[in-house]
Amino acid sequence: GFGVGADDYLVKPFALPELEARSLSLRRRSSNASLQSVLCVGDLRFDTQTRTAQRQGRILELTPITRNILALLMQRSPALVRHEVIEQTIWGDTPTDKMVLRAHMSALRAAIDRPFEKKLLKTVHREGYRLDASEEAQ
């Protein structure tokens, strides 16, 4: 397995806590490798070290959850991020009501778009959200 590119493997039978620990370790390793210090989409900047966001030089007030959603959307911009992916990333396996995500997205939109002329946060009806600074997205 290692010879053809595997990062890790388990021999059967295995304990579920060991599988979970190895999965979390691989996830941390892969996300840290691809994580940039400062994410940019148009004039929106998010510093992953200080966890601060700013647009046009103005510091944006965000909650911990909206910061996490923003980081996810910026990392994947301009791609669509499906509702299920956001929910899984933010809340894990804890089920959440669809209205909870909508409320956080509304708060995020209020912080990053409402005070500015150009809108970056796009809603794709019944699918998800994306951050896009391109002119065609307007």
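Biologist: Is R55 buried or exposed?
Modeller: In this predicted model, R55 counts as buried, at 0% relative accessibility.

Biologist: Which side chain does R55 meet in a salt bridge?
Modeller: The partner of R55 is D43, with N to O at 2.7 Å. R55 sits in strand β3, whereas D43 belongs to the loop between β1 (38–41) and β2 (44–47), so the pair ties together parts that are twelve residues apart in sequence. D43 itself is partly exposed, with a relative accessible area of 29%.

Biologist: Which residues are linked with R55 in a network of salt bridges?
Modeller: D43 and D113 are linked with R55 in such a network. The count of salt bridges comes to seven.

Biologist: What about E127, with which residue does it form a salt bridge?
Modeller: E127 pairs with R82, and their closest N and O atoms are 3.6 Å apart. Because E127 lies in the loop between β6 (121–124) and β7 while R82 is in strand β5, this pair ties together parts that are 45 residues apart in sequence. E127 is partly exposed at 33% relative accessible area, and R82 is partly exposed at 37%.

Biologist: How far apart in helix α1 are E18 and R22?
Modeller: They are four residues apart, which means a separation of about one helical turn. Their side chains meet in a salt bridge of 3.0 Å, N to O.

Biologist: Where is confidence lowest?
Modeller: The lowest mean is in α1, at 74, and the highest is in strand β3 (residues 52–55), at 96. For the protein, the mean pLDDT is 87, and 88% of residues reach 70 or more. Where pLDDT is low, the predicted coordinates should not be read in detail.

Biologist: Changing topic, which residues of helix α3 are buried?
Modeller: In α3 (residues 83–91), the buried residues are H83, I86, E87, I90 and W91. They cover an arc of only 95° around the axis, so they lie on the same side of α3.

Biologist: And what covers them?
Modeller: The cover includes α2 (64–76), β5 (81–82), α4 (98–112) and β7 (128–131). After α3 comes G92, whose phi is positive, near 65°.

Biologist: Which residues form the nonpolar patch on the surface?
Modeller: F14, L16 and L19 form that patch, with about 270 Å² of accessible area together. L19 is placed in helix α1 (residues 16–34) and is partly exposed, with a relative accessible area of 32%.

Biologist: Finally, how many helices and strands does the protein have?
Modeller: The protein has four helices and seven strands. Of its 138 residues, 28% are buried.

Definitions and conventions
Residues numbered from 1 in each chain as written. Predicted model: local features only at pLDDT ≥ 70, side-chain atom pairs only at ≥ 80, totals over all residues. Heavy atoms only, no water. Buried < 20%, exposed > 50% of the residue type's maximum accessible area, 1.4 Å probe, protein only. Helix = DSSP H or I, 4+ residues; strand = E, 2+ residues; numbered from the N terminus. Arc of directions from axis to C-beta. Contact = heavy atoms within 4.5 Å. Patch = residues over 30% accessible without salt bridge, like charges linked within 9 Å, V, L, I, M, F, W, Y side chains within 5 Å. Areas by Shrake-Rupley, 256 points an atom, 1.4 Å probe, with all protein chains shown as cover. Salt bridge = Lys/Arg side-chain N within 4 Å of Asp/Glu carboxyl O. pLDDT = per-residue confidence, 0-100.
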